[in-house]
Amino acid sequence: MPELVDEAPVSALAVYAHPNDPEVSCGGTLARWTSAGAEVHVLVATRGDKGSSDPDVDADELAVLRAEEMAAAARVLGLAGHHQLGIDDGELENTPAVRSRIVELIRRLRPEVLVCPDPTAVFFGDRYYNHHDHRVTGWATLDAVAPAAGNPHYFAEHLAEGLEVHHVHAVYLSGTLEPNTWVDISDTLERKIDALFCHASQLTETGEWFRQFLRDRAEEAGREAGVGYAEGFRRLSFGG
């Protein structure tokens with residue numbers, strides 16, 4: 001039976017592929033946690049440079065704009081920090097170099113909880129499938145959490161730099177087909193929407209209709225959770 005989780009972690013790190021992904025996937029949850037006093041950071045793997053179907057858009061200029069949008073959204077959510085790996089869209093791979101950078105941030109920030117995409121959730125009906133960057137981000141993040149971040153033999157150069165190993169207590173997988181955990185976002189849904197609307201370069205609809213569409217989606221999840229509005233996750237717990 002899925003569990004409704006009320007308690008906020010002391011600290012959290014959300015790792016996603018593109019600058020607007022955290023807001024879409026877990027913006028209400030991150031806002032709820034920051035409101036409760038949690039120190040929350042976001043790491044985005046790519047530059048967001050291919051986030052346009054217009055062939056005349058300059059990719060580097062778009063990447064700069066999307067970084068600015070990411071910073072604005074972070075302010076709305078109340079994040080303690082936002083970070084980027086700066087990899088070109090579509091070129092992200094689950095390599096040791098990428099895992100090392102995620103592990104380094106985990107060991108530096110020492111989050112109690114980590115949030116990322118569920119890489120096993122691929123096909124959603126017959127009209128959408130979870131694409132490459134999302135899947136790779138999920139797998140690379142999970143591989144970084146365990147065993148790498150907590151094992152001194154992985155990326156030992158971090159220890160030489162003064163970064164000790166760190167064991168994440170739980171991972172919340174968003175966009176999952178197998179939710180076992182819900183977070184009530186009734187008090188933070190509007191902040192989630194406001195943060196998402198900071199990513200104006202990615203929105204074709206910015207009116208009340210789209211806001212209501214986002215409310216309706218959160219309300220559907222809320223009905224499953226027994227609350228007004230919710231976000232669902234597959235939570236992996238490691239103790240500690």
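In which strand does Tyr129 lie? Tyr129 belongs to strand E7 (residues 128-129), where helices (H or I, at least four residues) and strands (E, at least two) are DSSP runs numbered from the N terminus. The model is predicted: local features need pLDDT of at least 70, side-chain atom pairs count only at pLDDT 80 or more, and totals for chains, interfaces and linings use all residues. Residues are numbered from 1 along each chain as its sequence is written, and side-chain values use heavy atoms, with hydrogens and water left out.

Setting aside residues up to four places away in sequence, Tyr129 touches Val122, Phe123 and Arg135; contact here means heavy atoms within 4.5 Å. Tyr129 and Leu203 are separated by 74 residues in sequence and by 20 Å in space, C-alpha to C-alpha.

We can turn next to the sheet. Eight strands make up an open sheet with mixed pairing, in the order E1-E9-E10-E8-E5-E2-E3-E4; two strands pair if DSSP finds at least two bridges between them. At the edges are strand E1 (3-4) and strand E4 (81-87), each of which pairs on one side only. E1 runs parallel to strand E9 (residues 181-184), with two bridges between them, and Leu4 has Trp182 in E9 as its bridge partner. E9 in turn pairs with E10 in the antiparallel sense over four bridges, and there Thr181 is partnered by Phe233 of E10. The pairing of E8 with E10 is antiparallel over four bridges, with Val171 opposite Leu236 in E10.

H1 touches strand E2 (11-16), strand E3 (39-46), strand E5 (113-117), strand E8 (170-174), E9 and E10, and the direction of H1 makes about 85° with that of E10. Helix H2 (residues 59-77) touches E3 and E4, and its direction makes about 160° with that of E4. For these values, axes are lines fitted to C-alpha atoms, for helices over the stretch in contact, and angles run from 0 to 180 degrees between N-to-C directions.

Two further helices pack on each other. Helix H3 (residues 96-109) and helix H4 (residues 132-149) meet at an angle of about 60°, their axes 9 Å apart. Their crossing is right-handed (a crossing is left-handed if the near helix is turned anticlockwise from the far one by less than a right angle, and right-handed if clockwise). On the H3 side the contact is made by Val98, Arg99, Ile102, Val103, Ile106 and Arg107, which meet Ala140, Thr141, Asp143, Ala144, Val145, Ala148 and Ala149 in H4. By class, this contact has nine nonpolar, one polar and three charged residues; Ala, Val, Leu, Ile, Met, Phe, Trp, Tyr, Cys and Pro count as nonpolar, Asp, Glu, Lys and Arg as charged, and the others, Gly among them, as polar.

Some backbone details stand out here. Ala146 and Pro147 are joined by a cis peptide bond with omega of about 10°, and Pro147 is found in H4. Arg110, in the loop between H3 and E5, has a positive phi of about 55° although it is not a glycine.

On a 1 Å grid over the protein atoms alone, a cavity is a set of points where a 1.4 Å probe fits but cannot get out, and a pocket is an open set with protein on both sides within 12 Å along at least five of seven lines; lining residues have an atom within 4 Å of a point. Grid points are joined across faces, edges and corners, and a volume is the space filled by probe spheres set on the points.

The largest pocket holds about 1400 Å³ of space. It is lined by 40 residues, of which Val24, Ser25, Gly175, Lys192 and Arg217 are the closest to its centre. Helix H1 (21-35), helix H6 (189-197), helix H7 (208-225) and strand E10 (230-237) each supply at least two lining residues, and H7 gives the largest share, with eight. The lining of the largest pocket comprises 17 nonpolar, 15 polar and eight charged residues.

The model has one cavity of 30 Å³ or more, and the largest cavity has a volume of about 50 Å³. Pro19, Pro22, Glu23, Val42, Val44, Met70, Ala74, Leu79 and His82 line the largest cavity, with H1, E3 and H2 each supplying at least two residues. By class, that lining has seven nonpolar, one polar and one charged residues.
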